Amino acid sequence: MGHDWGALPVYRIATAYDVPLRSWIADCASILHPDYVWHDVARIWQTPAHARAMHERFDEPMGRAILGLYRSALPNPYADWGAGLAGTSAPGLVLTAADDPFDDQDVARDIARGSPARRRRW
């Protein structure tokens, strides 16, 4: 089960490796689309000039961790992982939150359709 950034390793493990899974659940599926564009907050963290102001809101180790995380996934996760993503035989569930400003429900639905996952909206 994965939520937000934690959804990425769930999708990766479920679709890129021959790992025997009973099932899996994750949200934020739109992040797997080849044309995914990061949301405004992520783009702030990915831009050095703007990130300096955000960095001051956290202690040094946390700031470095956040900056490194967001900058490690440019231009989007599909750019690095897309070729390795395949179907999975494990049953899955893709969740979409009705009011999630960081996930595109239509794109998430398309991603779920391309896998054996079911999709639930809440």
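**Exercise 1.** State the accessible surface of the chain and the share that belongs to carbon and sulfur atoms.

*Solution.* The accessible surface comes to about 7500 Å², by the Shrake-Rupley method with a 1.4 Å probe. Carbon and sulfur atoms hold 56% of this surface. The model is predicted: local features need pLDDT of at least 70, side-chain atom pairs count only at pLDDT 80 or more, and totals for chains, interfaces and linings use all residues. Residues are numbered from 1 along each chain as its sequence is written, and side-chain values use heavy atoms, with hydrogens and water left out.

**Exercise 2.** Give the order of the secondary structure elements, then determine how far helix α1 is enclosed.

*Solution.* Step one: helices (H or I, at least four residues) and strands (E, at least two) are DSSP runs, numbered from the N terminus. The chain has 6 helices and 3 strands, in the order α-β-α-α-α-α-β-α-β.

Step two: buried means under 20% relative accessible area, exposed over 50%, and partly exposed in between (1.4 Å probe, protein chains only). Of the 10 residues of α1 (residues 7-16), 7 are buried, so this helix is largely enclosed by the rest of the structure. They are A7, L8, V10, Y11, R12, A14 and T15.

Step three: find the partners by contact (heavy atoms within 4.5 Å). The buried residues of α1 pack against β1 (24-26), α5 (77-81) and β2 (92-96).

**Exercise 3.** Identify the residues of the largest nonpolar core that touch the most other members, and the element that gives the most to this core.

*Solution.* A nonpolar core is a set of buried Ala, Val, Leu, Ile, Met, Phe, Trp, Tyr and Cys residues joined through side-chain atoms within 4.5 Å. The largest one has 22 residues, of which Y11, W24, I31, W38, Y70 and V94 touch the most other members. At least two residues each come from α1, β1, α2 (40-46), α4 (60-71) and α6 (105-113). Helix α1 gives the most, with 5 residues.

**Exercise 4.** Locate D4 and C28, and classify each by phi and by burial.

*Solution.* Most residues other than glycine have a negative phi, and most peptide bonds are trans. D4, in the segment before α1, has a positive phi near 60°. Its relative accessible area is 39%, so D4 is partly exposed. C28 lies in the loop between β1 and α2 and has a positive phi of about 55°. At 10% relative accessibility, C28 is buried.

**Exercise 5.** Find the cis peptide bond.

*Solution.* The cis bond joins L74 and P75, with omega about 0°. P75 is in the loop between α4 and α5.
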